[in-house]
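This briefing covers strand pairing, helix packing and confidence, in that order. Please read it alongside the sequence and the model.

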Amino acid sequence: MIWHGKCMADFTHLLDQLVHDFPEVAFAEGKTFCWSPASRQVLYRADAQGVSAAYSLLHELGHALLDHRRYRLDFELLELEVAAWEKAKTLAGRYQIEIDEDHVQNCLDTYRDWLFRRSICPSCTTKALQLDNQPAYRCFNCNETWRVSPSRFCRPYRKTAGQQPSAVFAATQSAL
Ligand SMILES: [Zn+2]
Ligand SMILES: [Zn+2]
């Protein structure tokens, strides 16, 4: 069967297909699209629809198949994001889906923005560097240090009118 990825029924169909094709991965309903290394589950929104929902599902499956777990530094997170999208593109081809490159770059930009915000000194707004192997940053201007919350393979949804959210992996929604 050819899968066109245009409607909710097709998202459900893709999900069924992936559950069948990847028995080693656990798929479960969640509040957001997410790969949870701890429970080894790909979570998906049951009310998701549209082609970007399919992209998100494939992306999270990409994290799962690449066995992404923890990362130490924020820039490593971005590398894992890129890798998961590359894997998603490969998977997509099997299901006659083509992942839109603009969509991928948009998701990665969301991550870049988020990582940038984490790195800004809360005292003097200087861009800071993350301390080696620590979930903390130090400002070289004013010496302030601050911790960043541990991240997960989930992402806060970008609130853009008319645009379907997509999955990247990120920290808690309120994280700086
Ligand atoms: Zn500072
Ligand atoms: Zn991701």
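In this predicted model, residue Q130 has Y137, in strand β5, as its bridge partner. The notes below place that pair in its sheet, then turn to a pair of helices and to the confidence of the prediction.

**Sheet**
- Strand β5 spans residues 136-138 and is joined to β4 by two bridges, the two strands running antiparallel.
- These strands belong to an open, three-stranded sheet with antiparallel pairing and the order β4-β5-β6.
- Its edge strands, β4 (129-130) and β6 (145-147), each pair on one side only.

**Helix packing**
- Two packed helices are described by the angle between their axes and the distance between the axes.
- Helix α2 (residues 51-65) and helix α3 (residues 74-94) have axes that come within 8 Å and cross at roughly 115 degrees.
- The two helices, α2 and α3, are therefore roughly perpendicular to each other, and α2 passes α3 in a right-handed crossing.
- On the α2 side, Y55, L58, H59, L61, G62, H63 and L65 meet A84, W85, K87, A88, L91 and A92 of α3.
- By class, this contact of α2 with α3 comprises nine nonpolar, three polar and one charged residues.

**Confidence**
- The mean pLDDT of the protein is 81, and 79% of the residues score at least 70.
- Where pLDDT is low, the predicted coordinates should not be read in detail.

Conventions: Residues numbered from 1 in each chain as written. Chains lettered and ligands numbered in written order. Predicted model: local features only at pLDDT ≥ 70, side-chain atom pairs only at ≥ 80, totals over all residues. Pairing = 2+ DSSP bridges. Helix = DSSP H or I, 4+ residues; strand = E, 2+ residues; numbered from the N terminus. Axes fitted to C-alpha atoms, helices over the stretch in contact; angles between N-to-C directions. Parallel < 35°, antiparallel > 145°, perpendicular 65-115°, else oblique. Left-handed = near helix turned anticlockwise from the far one by under 90°. Contact = placed C-beta atoms within 7 Å. Nonpolar A, V, L, I, M, F, W, Y, C, P; charged D, E, K, R; others polar. pLDDT = per-residue confidence, 0-100.
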